[in-house]
Structure formats: C-alpha cells, structure tokens
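Please look over the sequence and the model below before reading the report. The report goes from the whole chain to single residues.

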Amino acid sequence: MTPFQNVHHVCIAVEDIDRAMAFYEAVGIGPWHDYPPLAGFTDLDVPDVEGFQKLVYKWTMVGDLQLQLVEPGNDGTPQRDFLETHGPGVYHLGFVVDDADRGQREAEALGLRASARGRRTNGSGFTYFDTRSQAGVTLENRQSPPGEEPRASQPDWAPFRNPHHICLAVSDIERTAGFYESVGIGPWQPLPRMHDLTELAGPAPDAFHDLTYRWTTIGDLQLQLVQPGAGRTPQGDFLAAHGEGVFHMGFVVDSVDDAEAEAGERGLDVILRGRRADGTGFSYFDTYDAAGVTLQVRKAAAPGGRPA
C-alpha cells in the first residue's frame with residue numbers, strides 16, 4: 001500500500017511571499033489565505049522548532065489542487081536550505097492520507113526516512129520524507145484537519161484554472177522513474193516525440209525533439225518526468241541552474257491561442273510554444289523567477305489526444 005496516491009498540494013518556497021502572491025493574483029491565481037497557526041502542531045519533530053514556527057505560509061485553490069507558498073526566515077530550516085541551494089521553487093508535493101501515522105508507517109515500510117513531522121491534538125498533521133535526491137522533490141503526507149473543504153474561486157478569464165500535470169526535470173529519467181515505482185507511483189509510460197507539431201518556437205527548436213518524457217497518473221493529476229538532451233532547451237537551462245526539481249505546472253485550456261493571448265495581456269512572455277495543424281499544442285511562459293515555477297497551458301490533440 002502506498003500513501004502517495006492523491007496529490008493535495010504543491011508547495012513553493014519563495015524569498016518574498018507578498019511579491020509572489022501579487023504576481024499570482026495578477027495572472028488569476030488567488031485569492032490567497034493565511035495558513036492555520038503553526039503553533040497548533042503540539043507534537044513536533046523538526047530540525048529547528050523555532051525556525052519552523054517562523055515559516056510563513058499562504059494558500060489558494062487552483063481547481064481541486066491546493067497551491068501553497070512558504071517564506072522561511074533565516075533560521076536553519078529545510079525550506080531555507082532549499083532556497084539557498086536551489087533558489088525559489090517547488091519544495092514539496094503533499095499527498096493527502098486518512099491517517100497521518102499510518103501513512104508514515106506505510107512510507108517507512110517502503111524504505112523512506114521521515115525528515116520532519118508534526119501532529120495536532122486531533123491527530124491531523126504532516127510527515128516529510130527525505131526523497132529529494134531520488135525523486136527531485138520532497139514528498140509529504142498530510143492528514144487534513146476536520147472541516148477543511150476549500151473551493152477554488154478564480155476569475156473566468158484566468159488561463160491557469162484547470163491543473164493537468166506537474167513536470168519534473170531530471171538528469172536520469174530511468175533512475176527517477178524506478179524510484180517512484182518503488183514507492184508506488186507508476187507505472188510510467190513513454191511520451192512519443194511530438195513530430196506532429198507544425199509550429200515550434202523556442203531557444204533551439206530542434207533540441208525539443210531530444211527531450212525524453214515519461215508520465216504516470218496520481219489521482220486526478222498527471223506526473224511527468226523530462227530528461228533534457230544535448231541541445232539548449234528551457235528544461236535543460238532549468239536543470240543546469242537549479243538542479244533536479246519541478247520545472248513546470250501544466251494547465252488544460254479550451255484554446256491554447258486564446259490562453260496565450262490572455263496571458264500576454266497580463267505581461268507574460270512565451271519561452272516555448274508548439275502547435276499542431278488543428279490548433280492544439282502548448283505554450284510555456286517565462287514565470288519561474290516570479291512564481292517559483294514555469295506555468296504552461298496545453299490542449300491535447302483531438303481526437304484521442306495524448307499527454308503534452
């Protein structure tokens with residue numbers, strides 16, 4: 001049994017949480033809310049308790065996915081260490097479980113080591129696992145407190161309303177996929193190279209076809225792995241600058257062209273785009289520095305579209 005079946009949230013570590021929230025709200029992701037006080041975790045086993053208490057969290061809903069921002073202080077927390085080593089970016093993926101203690105036991109039975117844990121008096125709480133070197137991201141289990149039923153309230157014009165996938169850039173895709181399968185996330189399938197694209201624009205369009213992809217599903221989301229090839233791509237630039245980790249979040253849209261135009265009106269520049277003859281395809285936006293992740297819109301080929 002794996003405790004990593006249903007993604008609850010994506011947590012992005014940032015240096016300036018107010019600036020990050022302002023950016024997200026400008027592109028239609030918000031409103032943002034305060035996280036419940038961390039003092040509510042009465043059973044706490046973390047590297048730096050004082051540093052943990054100083055973490056500032058905000059959250060919002062994007063479809064059924066919670067998006068979190070965390071701003072650490074200058075204390076010795078794993079979140080601060082991540083920022084110092086990797087820069088802003090996705091610190092962890094949170095998976096919801098019915099019972100936090102049982103989820104921790106199941107993860108440990110799979111060979112994972114807990115790196116931090118916290119419990120409230122009602123038993124809800126979290127456990128972080130030491131997975132970054134193998135998974136490209138920290139994996140977390142969390143048991144939600146009673147009564148938590150948040151709903152998204154994004155504007156209708158927002159192009160980033162319906163999350164489709166989370167994509168991690170890695171240096172050895174077979175090794176990473178093997179690790180994920182060992183903890184119950186898989187099986188992984190190859191994504192055929194998209195030679196049906198009739199339009200492709202980016203730093204080196206030919207290098208796009210040297211990208212190697214694998215994908216699987218976790219709950220209602222798709223998880224992707226991408227390994228860059230020899231040519232220059234945004235994925236390769238990310239890997240060189242930040243190391244392995246979440247490169248982009250993909251959102252499904254009815255029209256990629258309309259979504260790109262809307263994003264352009266909000267000041268977003270395109271760094272990579274591809275289109276098929278029927279108008280389907282993808283656009284990646286230059287959002288990493290402001291958002292801690294690259295935002296992408298996509299629409300699968302019709303009929304019987306494949307992951308993209």
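## Basis of the report

This is a predicted model, in which local features need pLDDT of at least 70, side-chain atom pairs count only at pLDDT 80 or more, and totals for chains, interfaces and linings use all residues. Residues are numbered from 1 along each chain as its sequence is written, and side-chain values use heavy atoms, with hydrogens and water left out.

## Overall form

The protein contains 10 helices and 18 strands. Helices (H or I, at least four residues) and strands (E, at least two) are DSSP runs, numbered from the N terminus. Along the principal axes, the C-alpha atoms fill a box of roughly 55 × 40 × 35 Å. The radius of gyration is 19 Å, which agrees with the value near 19 Å for a compact globule of 308 residues. That radius is taken over C-alpha atoms, and the globule rule is 2.2 Å times the number of residues to the power 0.38.

Of the contacts between residues at least 6 apart in sequence, 68% join residues at least 24 apart. Contact here means heavy atoms within 4.5 Å.

## Surface and charge

Buried residues account for 56% of the 308 residues. A residue is buried under 20% relative accessible area, exposed over 50%, and partly exposed in between (1.4 Å probe, protein chains only). The protein exposes about 12,800 Å², and carbon and sulfur atoms supply 46% of this area. Accessible areas come from the Shrake-Rupley method with a 1.4 Å probe; for residues, only the protein chains shown count as cover.

There are 25 positive and 44 negative side chains, and the centres of the two sets lie 3 Å apart. Lys and Arg count as positive and Asp and Glu as negative, while His and the chain ends are not counted. Each charge is placed at NZ of Lys, CZ of Arg, CG of Asp or CD of Glu.

## Arginine 117

Arginine 117 is part of strand E7, residues 114-119. Arginine 117 counts as buried because its relative accessibility is 17%. Its side chain makes a polar contact of 3.2 Å with the side chain of glutamine 104. A polar contact is a pair of N or O atoms within 3.5 Å; within protein, one must be able to donate a hydrogen and the other to accept it, and residues adjacent in sequence count only if both atoms are side-chain atoms. Beyond four places in sequence, the residues in contact with arginine 117 include Asp43, Asp101 and Phe126.

## Two partly exposed residues

Glutamine 5 sits in the segment before strand E1 (7-13). It has a relative accessible area of 35%, so it is partly exposed. The side chain of glutamine 5 reaches the backbone oxygen of threonine 2 at 3.1 Å. Leaving aside neighbours within four places in sequence, glutamine 5 is in contact with Phe95, Ile218 and Gly219.

Valine 252 belongs to strand E15 (residues 245-252) and is partly exposed because its relative accessible area is 31%. Valine 252 and histidine 165 are 87 residues apart along the chain, and their C-alpha atoms are separated by 8.8 Å. Not counting residues up to four places away, valine 252 touches Asn162, His164 and Arg298.

## Cis peptide bonds

Most peptide bonds are trans. Glycine 30 and proline 31 are joined by a cis peptide bond, with omega about 0°. Proline 31 lies in the loop between helix H1 (17-26) and strand E2 (33-34).

A cis peptide bond also joins glycine 186 and proline 187, where omega is about 5°. Proline 187 is in the loop between helix H6 (173-182) and strand E11 (189-190).
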